[in-house]
Amino acid sequence: MWRRIFVLAPALLTACLVQAADKLAGGPVVVNVGPHSATIVWVAEKTGEKPALVAQKIALSGLEPGKRYAYDVLGTEAGKGSFATAPEGLAARRGAPRPAR
């Protein structure tokens, strides 16, 4: 089952509406994927009087383990993608600190 996540925070949505020429310059990339969370990062090219590249990210929490999620960054075809959260218990087996012996 797919769940759709639209990654447009209110401030980002306002920027997109005001400057429709802004475009995706890099990414998106999904990082730090766990059973209940993930972070999506991308670079937007801002146009105007002072063009600039701006790194953006959104941290997602409250996700379900082992589920596939779709996202759409900046409403562009290049910004669409999907990822699956890790199964429950995987974080405990990989990367979690081990107790001292």
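Predicted model: local features only at pLDDT ≥ 70, side-chain atom pairs only at ≥ 80, totals over all residues.

Colleague: Fine. How many helices and strands does the protein have, and in what order do the elements run?

Modeller: There are 2 helices and 6 strands. Reading from the N terminus, you get β-α-β-β-β-β-β-α.

Colleague: And what share of the residues is buried?

Modeller: Of the 101 residues, 27% are buried. The protein exposes about 6800 Å², with carbon and sulfur atoms supplying 56% of that. Sequence separation is worth a look too: among contacts with a separation of 6 or more, 48% join residues 24 or more positions apart.

Colleague: Let's do aromatics. How many aromatic pairs turn up in the whole structure?

Modeller: The search finds 2. In one of them, Tyr 69 and Phe 83 are stacked, at 5.8 Å centre to centre with 25 degrees between the planes. That pair links distant parts of the chain, since Tyr 69 belongs to strand 5 and Phe 83 to strand 6 (residues 80-84), 14 residues apart.

Colleague: Why do Tyr 69 and Phe 83 count as buried?

Modeller: The idea is a cut-off: buried means under 20% relative accessible area. Tyr 69 counts as buried because its relative accessibility is 5%, and Phe 83 because its value is 6%.

Colleague: What about the pair of Tyr 71 and Phe 83: what is its geometry?

Modeller: That one is tilted, with 6.3 Å centre to centre and 35 degrees between the planes. Tyr 71 is in strand 5 and Phe 83 in strand 6, so the pair ties together parts that are 12 residues apart in sequence. Tyr 71 is buried as well. Put together, Tyr 69, Tyr 71 and Phe 83 make one aromatic cluster.

Colleague: Which side chain of opposite charge is nearest to Asp 72, and how far away is it?

Modeller: It's Lys 80, at 4.6 Å. A salt bridge needs the nitrogen within 4 Å of a carboxyl oxygen. Asp 72 is buried yet has no salt bridge. Asp 72 sits in strand 5 (residues 68-73).

Colleague: Then which backbone nitrogen does the Asp 72 side chain reach?

Modeller: The backbone nitrogen of Gly 75, at 3.3 Å.

Colleague: Last one. What does Ala 84 touch, leaving out residues up to four places away in sequence?

Modeller: Ala 84 touches Val 33, Lys 67 and Arg 68. Ala 84 lies in strand 6 and counts as partly exposed because its relative accessibility is 35%. For a sense of sequence against space, take Ala 84 and Val 30: they are 54 residues apart in sequence and 9.8 Å apart in space, C-alpha to C-alpha.

Key. Residues numbered from 1 in each chain as written. Heavy atoms only, no water. Helix = DSSP H or I, 4+ residues; strand = E, 2+ residues; numbered from the N terminus. Buried < 20%, exposed > 50% of the residue type's maximum accessible area, 1.4 Å probe, protein only. Contact = heavy atoms within 4.5 Å. Areas by Shrake-Rupley, 256 points an atom, 1.4 Å probe, with all protein chains shown as cover. Lys, Arg positive; Asp, Glu negative; His and termini not counted. Polar contact = N/O pair within 3.5 Å; in protein donor to acceptor, adjacent residues only side chain to side chain. Phe/Tyr/Trp six-rings, centres within 6.5 Å; stacked < 30°, edge-to-face > 60°.
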